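Opening my notebook on a new structure. I'll jot down what I look up, in order.

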Amino acid sequence: MSSQTPSSPPVERRKPRVKNQPKDYGWTLYLIVISLILVVGFIISHGHPFKPGDKVGYNLGLAGGLMLLTLMLYPMRKRVGFMKNWIPLPKWFKWHMVFGILGPTFIILHSTFYIGSINAGVALICMLLVSGSGIFGRFFYTKIHQGLYGRHASLKQLQEDMYGSGDVKSIFSFAPVIQNRLFEFHEYALDTLGSSGAGKITPWKFITVGIRAKLLSRDLVRALEEAMYADAQQKKWNDAQLVQLDKLFYQNKAFIRTYLTNIRDIAQFSTYEKLFSLWHVFHVPFVYMLIFSAIWHVIAVHMY
Ligand code: HEM
Ligand code: HEM
């Protein structure tokens, strides 16, 4: 603890850049409410309170169908020239996801949980596949973008974030064990990626690196606490010194967490990029099938 006693001048260090990814409670709550509506709808539909073709059922179908049409404005806004200056893209994306769940909910209620024709059945299954896969797409998307509404991240920028937040050697000079374990994890997670960071990691490492980072972070924060406070207790530091020590402890703790999270993100980045483009390949054909079968269904129900 020699280099960082409270009596020595505070070390000038850049604040660790904690990734700005707030927990998505709003989204989780939204999914819970939608699930409850579907469960209640399913129970009620046993009593046949309405049919897909009568006033309530028809309007549910119409509203759901309009929501599905509205959500298609997002991919159009990305591509169609004259729409490029309309409202910022993140807003369209947000409504794409909101209607991507709400629209199918209305349609399911409209169907009264019953399939009676091939065209409606195909439309319903494609819709469920597209909407369900959207949830995975959303997850992959956040892994390669800066949050849900940020720009596309790059490996270079992730690396800059990691190395720019401080130097492990100087920050943990008082705790060589922590220093070594951080270096070991860096070596383990990134050894096969090469200097550009774009190489491959094994599927096993891809799956487990996040858990290992979490466990290590917990261990190291404990070790940090011991290393920093044991000395203070022995020397019976006063309150003012302890307040400074607390500050330094929280800074170091944040550094450990950010550093390990950044390593995890760099290790997983290229694989997530590949998964995201694979997801696109899966998502898009079902969107076309959904459009054709839904149009077919709407024409058919109005013809007979
Ligand atoms: C993706 C969109 C939609 C899906 C997946 C869907 C699905 C269904 C399903 C499963 C049924 C139950 C009976 C059957 O299978 O034929 C049905 C019935 C019906 N739907 Fe839709 N629907 C959609 C959109 C719409 C829209 C936008 C309208 C009207 C504008 C509509 C009007 C109707 C009507 C009138 C019936 C009753 C048909 C009958 O009783 O023979 N649907 N729909
Ligand atoms: C039936 C409902 C849905 C339809 C028809 C639909 C359709 C589409 C289409 C056509 C694209 C554009 C693909 C491209 O740009 O190449 C897209 C992208 C995307 N959708 Fe959906 N989607 C639906 C529901 C959802 C849901 C529920 C979510 C998330 C919860 C979601 C998340 C995404 C994401 C993350 C992208 C990629 C965005 C990007 O690359 O810019 N989608 N969707």
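First, my terms: helices (H or I, at least four residues) and strands (E, at least two) are DSSP runs, numbered from the N terminus. I note that this is a predicted model, where local features need pLDDT of at least 70, side-chain atom pairs count only at pLDDT 80 or more, and totals for chains, interfaces and linings use all residues. Residues are numbered from 1 along each chain as its sequence is written, while chains are lettered from A and ligands numbered from 1 in the order in which they are written.

Fold. I read the pattern α-α-α-α-α-α-α-α-α-α along the protein chain, which comes to 10 helices and 0 strands.

Ligand 1. I counted 23 residues around ligand 1, with Pro52, Gly53, Gly61, Gly65 and Ala120 nearest (near means a C-beta atom, placed from the backbone, within 6 Å). Helices H2 (55–71), H4 (89–111), H5 (118–144) and H10 (239–303) each give two or more residues to this shell.

Ligand 2. Here 22 residues surround the ligand, and Pro75, Gly100, Gly134, Gly137 and Arg138 are the closest. H2, H3 (73–79), H4, H5 and H10 each give two or more residues to this shell. I see the largest share, 8 residues, coming from H5.
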